[in-house]
Amino acid sequence: MKRILAIASKGGHFVQLDRITRSLSQEYGGAYHLTYVSTSTEVPAPAGELYTITDFSRWNFYRLPIVFFHILHLILRIRPQVIISTGAAPGLVAIIAGKFCGKRSIWIDSMANVDKPSMSGKIASYIATKSYVQYPHLTSKRMRYIGNAFLDLKQQ
């Protein structure tokens, strides 16, 4: 059984991540063990374990080292094969920590980014194994668009 670490900030990022991972569970018949990480316990009830981490952004960047080591600890403890994130900064940190541990990762830029990819998404596109955008006109050399049913974790 493949272990997936699914991480996103609370709010829309987590709602989107939850929808993506629920569709994976339905499509692949529970062949994955999902562990969620978010910045709040007040997120929709996920279909797996839920861990919480401290939230941070570019406005309180001093929290980055604490978040990085907390996520690194979770990665070493859970040992996921794949890390998936829809953002924001904590998801980017997970992609970076996963890279240090040799983990594959998928960045899915938020569907709220209609005009341009997010700052975290731009950075993640250099680090993540695969990076996706939700609109065809945002496609670039490092960020792909392949439609609504775009996650094929069998390749990961």
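This is a predicted model: local features need pLDDT of at least 70, side-chain atom pairs count only at pLDDT 80 or more; totals for chains, interfaces and linings use all residues.
## Overall architecture

From the N terminus onward, the elements of the protein follow the order β-α-β-β-α-β-α-β-α-β. This amounts to four helices and six strands.

Of the 156 residues of the protein, 50% count as buried. Among the contacts with a sequence separation of 6 or more, 58% are between residues 24 or more positions apart. The protein exposes about 8100 Å², of which carbon and sulfur atoms supply 55%.

The six strands form an open sheet with the order 3-2-1-4-5-6 and parallel pairing. Strand 3 (residues 49-52) and strand 6 are the edge strands, each pairing on one side only. From one strand to the next, the twist averages 20°. As a general point, the strands of a sheet pair through backbone hydrogen bonds, in either a parallel or an antiparallel arrangement.

Individual pairings can be followed across the sheet. Strand 1 and strand 2 run parallel and are joined by seven bridges; here L5 has T35 of strand 2 as its bridge partner. Strand 2 is in turn joined to strand 3 by four bridges, again in parallel, and V37 is partnered with Y51 in strand 3. Strand 4 (residues 82-87) and strand 5 also run parallel, with four bridges between them; the bridge partner of V82 in strand 5 is R104.

Strand 2 (residues 32-38) is largely enclosed by the rest of the structure, because six of its seven residues are buried.

In soluble globular proteins, nonpolar side chains tend to be buried together. In this model, the largest nonpolar core has 27 residues, and those with the most contacts inside it are I7, V37, I53, I71, I83 and W107. Strand 1 (2-8), helix 2 (64-78), helix 3 and helix 4 are the elements that give two or more residues to this core. Helix 2 provides the largest share, with seven residues.

There is also a second, separate core of 16 residues, which includes V82, I106, I108 and Y132.

Helix 4 (residues 119-127) has S120, G121, A124, S125 and I127 as its buried residues. These residues lie on the same side of helix 4, because they cover an arc of only 165° around the axis.

The buried residues of helix 4 pack against helix 3 (89-100), strand 5 (104-108) and strand 6 (130-132). Helix 4 lies across strand 5 and strand 6, and runs at about 155° to strand 5.

D18 is found in helix 1 (residues 12-27). Its relative accessibility is 6%, so D18 counts as buried, the cut-off being under 20%. Apart from its neighbours within four places in sequence, D18 is in contact with Y36, P44 and P46.

## Local backbone features

The peptide bond from G87 to A88 is cis, with omega near 0°, and A88 lies in the loop between strand 4 and helix 3.

The other feature concerns R79, which lies in the loop between helix 2 and strand 4. R79 has a positive phi of about 55° although it is not a glycine. With a relative accessible area of 52%, R79 is exposed.

## The segment after strand 6

I146 has its place in the segment after strand 6. With a relative accessible area of 40%, I146 is partly exposed. I146 and Y132 are 14 residues apart in sequence, and their C-alpha atoms are 7.9 Å apart in space.

Note on methods: Residues are numbered from 1 along each chain as its sequence is written. Side-chain values use heavy atoms; hydrogens and water are left out. Buried means under 20% relative accessible area, exposed over 50%, partly exposed in between (1.4 Å probe, protein chains only). The arc is that of the directions from the helix axis to the C-beta atoms. Contact means heavy atoms within 4.5 Å. Accessible areas come from the Shrake-Rupley method with a 1.4 Å probe; for residues, only the protein chains shown count as cover. A nonpolar core is a set of buried Ala, Val, Leu, Ile, Met, Phe, Trp, Tyr and Cys residues joined through side-chain atoms within 4.5 Å. Two strands pair if DSSP finds at least two bridges between them. Axes are lines fitted to C-alpha atoms, for helices over the stretch in contact, and angles run from 0 to 180 degrees between N-to-C directions.
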